[in-house]
Amino acid sequence: MKKIIILFMLIMPILFLGIYLLFPLKPLFSPEKYGTVIFAENGEILHSFLNKNEQWCFPPDTTIVIPRKLKLAVLTFEDKHFYSHFGVNPLALFRGLYLNIRYRKIMSGGSTITMQLARISNPKARTYWYKFREILLAIKIETRFSKDEILQMYLDNAPYGGNIIGFQAASFKYFRKKPEQLSWGEAATLAILPNSPAIISPGKNQEKLIAKRNKLLKMLFEKNVIDAETFTLSVREPTPKKIYIIEQKANHIARSLHNKYRGKSVKSTINNEIQKKTEKIIKQYNVLQKMQGVNNAAAIIVETKTGKIRGYIGSQNFWDNEFGGQVDGVKASRSSGSILKPFLYALCIEDGIILPQTLIKDVPTYFGSFSPENADHKFEGLITAENALIYSKNIPAVRLLNTYGIADFYNFLQSAGVSTLFRNAGDYGLSLIIGGAETNLYDLAMLYRGLANYGKFSALKIIESDIEKQFKQPILSPGACYLTLDILKKLKRPGDEFYWHQYENQYPLSWKTGTSFGNRDAWAVGVSPDWTIAVWVGNFTGEGNPAIGGARSAGPILFDIY
C-alpha cells in the first residue's frame with residue numbers, strides 16, 4: 001500500500017505538469033502594451049508614441065537582431081546557463097531559497113531569464129506560491145519558443161527604469177543610439193538595469209550604477225569576452241545622467257500612421273533631410289506671409305517614378321495653435337481653382353479635339369445662365385490652346401469641357417484616383433474645370449505624377465513595404481501627356497526662377513498654379529522625371545485675401561523646394 005501511495009505521489013505531479021503543458025499558452029503580452037514607432041526610410045526614428053500606460057515601449061521587431069554585446073552582457077549578468085536549462089535552474093533556486101531563509105528577507109530570487117519573462121508577463125506580489133506558478137509558466141514558455149525568441153521577448157519587455165520598457169526604447173532614451181551601436185560600457189549598463197530599475201536607474205544612485213556596471217565588465221573580462229584594453233576603456237565611460245527626448249518629426253503623417261497602425265513599428269518612405277529642409281522653407285515663407293494675413297501653408301514631395309512620399313508638411317507648424325497648425329493641409333479638401341486644367345487639355349489632345357496650336361475662341365460666352373470670366377477680365381478673341389493653358393484662361397477651358405463632356409472628365413478624375421469628389425457630375429456642371437470641384441494636395445500630387453509617368457496613375461506610397469498598384473494600361477496616352485507637359489514647361493517662373501534657362505545646370509519643370517474664387521486657396525504643382533511637388537497656401541479658416549495667389553504665394557515655395 002505504501003508503495004502505491006509513494007508511486008501515486010510521484011506520478012501525480014508529473015501528470016499535472018503534463019496536463020498543464022498541453023493547454024494552449026495565452027499571449028504573454030497584449031498589443032496594447034506597445035507604443036507606435038514611425039521610422040524614416042533610412043531607419044531613423046521619425047516619431048514615437050507612448051503606450052496607453054504612458055510608457056516608452058517599442059513594438060517587438062523580429063528584423064532587429066539582438067546586438068552581440070548586449071546579448072553577452074545580459075547572459076553573463078542574468079543567466080549564465082540560459083542555453084542549457086529547461087526554463088528553471090534548480091541550483092539557483094535552492095541557493096536563493098537558502099539565502100532568503102538565512103537572512104530572513106529576499107536576497108535572491110534564483111530566477112532565470114525565462115522565469116523573469118514569466119513574471120514580467122503577469123506581475124504579481126512576490127510570494128512563494130507565485131514563485132511556483134512562475135516556474136510552471138517558465139517551463140511552458142520553454143516548450144513553445146526557442147531560446148533566442150525567449151531572450152528577444154525578455155529584452156523587448158524588461159523594465160529599464162522610469163517609464164522606459166524594452167531594450168530598443170532604453171537604447172534611444174539613454175544613449176541616443178540604435179541598439180547595434182552600443183559600446184560595451186553601454187551594453188553592460190542596459191544589462192544590469194532590469195535587475196533593479198528603480199534603485200539604480202540613470203540620473204540617480206550613480207555610484208551604485210557605476211559599481212554594478214563595472215562589476216559586470218570585470219566578469220566579461222575574466223571570461224575573456226572582452227580584452228584588457230576594452231575593459232579599461234569601458235569602465236571609464238560615463239553612465240547616462242538624463243533621459244533624452246526623441247525628436248518628433250513629420251507630425252501630421254506620423255499621427256495618421258499612428259491611428260492606422262497603433263502599437264506597431266512602421267517604416268515610412270519619408271526622407272529625414274527632405275522633410276527637415278522643406279519644413280524650414282515653409283516656416284520661412286510663412287513668417288513673411290503672415291504679415292499679409294496669410295497664415296497657413298502645406299506641401300507634399302513625391303518621387304515621380306516610385307510614388308514614394310519623401311516629404312509631408314501638413315502645416316506651417318504643427319504646434320501653431322493660434323492658426324490651426326494641427327490641421328492636415330495635405331488632406332484638407334479645398335476649391336481646385338484652375339489646377340485641373342492640364343488634364344482636360346491632355347484628354348482633348350488625346351481625342352483629337354485640339355493640338356497645342358489649335359485656335360480656341362476666347363470671347364464672352366453663355367451656357368444658359370452660366371457665363372465664365374477670365375481672371376484678368378480680358379478677351380483674346382482667338383488664342384492657341386497652348387497659350388490658353390499657359391495663361392490659364394477660363395473661357396477656353398469651359399468651352400473645351402463643354403465639348404469633351406462633363407461626365408467624361410468627371411469619370412476620368414475618379415478613374416485616376418481622385419477621392420474628394422462627393423457630388424455627381426451634373427451637380428458640378430461646367431464649373432468643374434474652374435474651381436467648382438474639391439481637391440487636396442495628396443490627390444494633386446497623385447494626378448500630376450500620373451501625367452509625368454505618361455498616363456500611368458496609381459496611389460502614392462507612404463509605407464516602405466507597400467506594393468505599388470498601377471493600372472495595367474495608361475488611362476492617358478503618352479503622346480497627350482508629353483505635349484501637355486511640354487506646354488507646362490513654358491509657364492513663366494516667379495522671381496529669379498524667371499531666368500532658369502540661362503543657368504548652366506538647367507532643371508526643367510512642368511508646373512501649374514491655381515487660385516480659387518475669392519483668393520481663398522493658392523496652388524502650385526510641379527513635375528519632373530524625378531520629383532512631383534505640390535504646394536498649397538491660404539487660411540485654414542477659408543478666409544480670402546488679395547495676397548493669396550498661385551503664382552505669387554505658392555509658386556515661389558514650389559521652386560525653393562525644387
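Trainee: By class, what does the lining of the second largest pocket have?
Mentor: Bear in mind that this is a predicted model. The lining has 11 nonpolar, 16 polar and seven charged residues.

Trainee: How many residues line that pocket, and which lie nearest its centre?
Mentor: The lining comprises 34 residues. Nearest the centre of the second largest pocket are S338, A375, S392, N394 and T515.

Trainee: And the space in there, what does it come to?
Mentor: The second largest pocket holds about 1,100 Å³.

Trainee: Which element supplies the largest share of its lining?
Mentor: Strand 12, with five residues. That strand spans 510-515, and helix 20 (550-561) also supplies at least two residues of the lining.

Trainee: Switching to K393. Where is it?
Mentor: K393 sits in the loop between helix 14 (385-390) and helix 15 (394-404).

Trainee: Buried or exposed?
Mentor: K393 counts as buried, because its relative accessibility is 5% and the cut-off for buried is under 20%.

Trainee: What does K393 touch, leaving out residues up to four places away in sequence?
Mentor: K341, D362, N374, D376, K378, E380, I383 and A388.

Trainee: Now the largest nonpolar core. How many residues, and which have the most contacts inside it?
Mentor: That core has 98 residues, and those with the most contacts inside it are I300, I309, L340, F409, F412, L447 and V535. Helix 18, residues 441-452, gives the most to this core, with nine residues.

Trainee: What does I300 touch, again beyond four places in sequence?
Mentor: Its contacts include I309, V330, L441, A445, L460 and I533.

Trainee: Which residues does the second, separate core include?
Mentor: That core of 51 residues includes I141, L155, F175 and L216.

Technical notes
Residues are numbered from 1 along each chain as its sequence is written. This is a predicted model: local features need pLDDT of at least 70, side-chain atom pairs count only at pLDDT 80 or more; totals for chains, interfaces and linings use all residues. Side-chain values use heavy atoms; hydrogens and water are left out. On a 1 Å grid over the protein atoms alone, a cavity is a set of points where a 1.4 Å probe fits but cannot get out, and a pocket is an open set with protein on both sides within 12 Å along at least five of seven lines; lining residues have an atom within 4 Å of a point. Grid points are joined across faces, edges and corners, and a volume is the space filled by probe spheres set on the points. Helices (H or I, at least four residues) and strands (E, at least two) are DSSP runs, numbered from the N terminus. Ala, Val, Leu, Ile, Met, Phe, Trp, Tyr, Cys and Pro count as nonpolar, Asp, Glu, Lys and Arg as charged, and the others, Gly among them, as polar. A nonpolar core is a set of buried Ala, Val, Leu, Ile, Met, Phe, Trp, Tyr and Cys residues joined through side-chain atoms within 4.5 Å. Buried means under 20% relative accessible area, exposed over 50%, partly exposed in between (1.4 Å probe, protein chains only). Contact means heavy atoms within 4.5 Å.
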